[in-house]
Amino acid sequence: MKDVMKPENEAELSEMVRAAAGPLSLRGGGTRGLAYGSGAVLETGGVAGIRLYEPGALTLVAGAGTPLDEVESVLAGERQRLAFEVPDMRAALGRDGISTLGGVAAMNASGPRRVQAGAARDHMIGLRFVDGMGTVVKSGGRVMKNVTGLDLVKLLAGSQGTLGVITEVAFKVQAIPETEVTLQAEVGRAAGLALLRQALGSPFEVSGAACGSFGAVLRIEGMAASVRYRAAALKALLGGDWAEIDGSALWAGIRDGGALGAGALWRVSVKPTEAERVVAALTGVQHEATFDWGGGLIWIAVQGRADGGAALIRGAVAGVGHATLVRGPAGVPVFQPEAAGVAALSTALRAKFDPRGILNAGIFDQGAFG
Amino acid sequence: MDMPQPDQAILASRDTVLSRLRAVLPADAVISDPAETRAYECDALTAYRCAPLAVVLPRSTAEVSAVLRTCSALGVKVVPRGSGTSLAGGAFPTADCVVLGVARMNAVIETDYENRYIKVQTGRTNLAVTGAVEADGWFYAPDPSSQLACAIAGNIAMNSGGAHCLKYGVTTNNLLGVTLVLMSGEVVEIGGPWSDAPGLDLLGVICGSEGQLGVVTEATLRILPKPEGARPVLMGFAANEVAGACVADIIKAGLLPVAIEFMDRPCIRACEAFAHAGYPDCEALLIIEVEGSPAEIDAQLARIKEIAQRHNPVAYRESGSEEESKKIWLGRKSAFGAMGQIADYMCLDGTIPVSELPYVLRRIGEMSAAVGLSVANVFHAGDGNMHPLILYNANKPGDLELCETLGADILKLCVEVGGCLTGEHGVGVEKRDLMTVQFSPADLEAQLRVKDVFDPGWLLNPAKVFPLEATASRRAG
């Protein structure tokens, strides 16, 4: 069994990184990150606790190891939530464990509401991290509007632990709306995607727009009178037959990997009007797909291909988006290769923040999900 | 304010620099006549002026690249400039620099409603972006108050906000992709009309980087369908604390107005005298605007009124018409003009946690009395972004210095209570030397390392954002 280091606070964590003799695999709760490579595991679960919560200022600051469940339940006590709808990837990845805020931040984990509310990174207003030399750095703060200095918060969001170990995150939170309704229509893929785009182009503030085996679904949230009004307005705009349903289970499935079956699982970000063409590249290959974000995100499960469908999907998405292998065959690169100029900047940034190359080393090049 | 001594060798080689620039640009794109370069000696931080060595006004990404490659080879510093509306001196030149203005690059490259984006050259003004899509029922959300004049390039550099960012977010939340030209001349495409990055979120650190990392020549921006309607309500309160508590209750209740603006008594009086908007004479005034269909607006305002009444407002006026809406906004929108009538002023931009509002306003009052300079407060209450306006007399010896000292003390207070130096204007030269109040040497070093990667020669927008002391060795390199 690998060594597991479990610092109890930021100072201990910083010391462990400084003293590290070799690569470190960073781990929050182990529910969503990449499979761990070589070296000792550094677990952030001990660097936990809600440090500040001001419901009237929509602000929450907590240690990176704080369980997501704990944060969500404290927020729910004030009828608030994290607006970006964090995916729970445990079932899709066959993991157990407890999701932590640090993992959410390091993965920029965002769900269906991204179309309206933005991604995790858009709600991260400050953080503290320990760089690859063990130095504690802070960026941003606890206020919503802050342009003081370079925005390292965004740079660290989604950096997969490669620039530093996140130790504390400040989030902007959101009030839970009074009510919500989901509209569902039995339509095929092409018609469904067109309806989603039309809905997102209306002023009726859709907070979820997906289609798949369940047809097309649109979510509307807000004050009761407003939700009623917008549901009616959308039905009139889009035409056809829309049922009003309780969509909570459906949206959870879409959020957590598209509610698809077995096979290599892809998360594809794409220009929405290109979504259908990307999936069409898999004609003749056994696959299923769920479209979220109005077509801007495609979850695809592919069976029977040695590369998990990588060549076909990456080829089709080049120039209009990028594809990440969330679950699939070993040896297939997880991330879409970056253009040379971008890759050079990213590599140089990693070398600056982690000169010894010990933090989740090589994850962007060779990383693989287990 | 200190600036580094200009590089004498560069000043001496001015003719070479100009001829090399003329070799790669059309004749009318290089400005060297001192009478003309004077127009670029400052931005909206007019207290400081310095004419640059030359000004270039390229028309394309290729021309920007040629300028940067040329300057890079000659070791000449470059100050990027949008429309020159920075209040922080973000486009303030040095005598040995070339100002690179993007004003001639103002085309719409692509409009795509199905995918909800517009791609523009970054010299286009903020309002002209909305102007390009408005007739079709769309808009670009960030709305800095200089939006008629300010360029998207500057909005990206400063991560600009605006009154409506409470609901729609600031520039970074509405920026999908950029064409970035590095100081080396290399052109890099980052992001596009899709979500997230496959690797590091470079777009996130470029937005708000104040021209330190590269020159953004093209931008892909999120556009949104226009709401069906909007309506403001104005309410007055007997004390700042009460208005602050009312704001917190509205936010806690889960209401999401598009704007919550706050004015204190000195500001109310000045605006009223200037604009005659019919504002009540009270301690604190809130303007709250909500959006939606008429029925949705009615429902939201009913809820807001119910909350406001718990705080015993001394005035409450809901707009009943387009004309009344305009009148409610009139005073607020003319706040800066009203102050300009009374005196010279310095506009601060710190952000504080909204819970600290009463304390901070009280302290500002005490500090203002102690130095004998008036301060009027107007700010975006929903997000704690304050704009204290310090009134002074530019013609009175010592007054500007006194004003700057008071300004620095107010910003230190913002940081002390858990806030920051700047919420939407940027650091520029203005707050450069206060950065150590908010950041430790290690925090700053991490930011400098990012600059090292993008601009290893430290030639882009010199002597801004970071304290001079912290960057001395790098700038000398």
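Among contacts in chain B between residues at least 6 apart in sequence, 73% join residues at least 24 apart. Two residues are in contact if their C-beta atoms, placed from the backbone, lie within 7 Å. In chain A the corresponding share is 71%.

This is a predicted model: local features need pLDDT of at least 70, side-chain atom pairs count only at pLDDT 80 or more, and totals for chains, interfaces and linings use all residues. Residues are numbered from 1 along each chain as its sequence is written, while chains are lettered from A and ligands numbered from 1 in the order in which they are written.

**The two chains**

Helices (H or I, at least four residues) and strands (E, at least two) are DSSP runs, numbered from the N terminus. A residue is buried if 20 or more other C-beta atoms, placed from the backbone, lie within 10 Å of its own.

**The core**

The largest nonpolar core has 266 residues. Such a core is a set of buried Ala, Val, Leu, Ile, Met, Phe, Trp, Tyr and Cys residues joined through C-beta atoms within 7 Å. Trp266(A), Ile298(A) and Leu286(B) have the most contacts inside it. Helix α9 (residues 240-252) of chain B gives this core its largest share, seven residues. Leaving aside neighbours within four places in sequence, Ile298(A) has contacts that include Val268(A), Ala275(A) and Phe291(A).

**A helix and a loop in chain B**

Helix α5 (residues 126-133) of chain B has Asn126(B), Val129(B) and Val133(B) buried. They cover an arc of only 60 degrees around the axis, which puts them on the same side of α5(B). That arc is taken from the directions from the helix axis to the C-beta atoms. The buried residues of α5(B) pack against elements including β5 (108-112) and α6 (152-158) of chain B.

Ala88(B) sits in the loop between β3 (77-81) and β4 (97-101) of chain B. Ala88(B) is buried, with 27 other C-beta atoms within 10 Å. Met158(B) is 70 residues away along the chain, yet the two C-alpha atoms are separated by 9.6 Å.

Conventions:
Buried ≥ 20, exposed ≤ 12 C-beta atoms within 10 Å, placed from the backbone.
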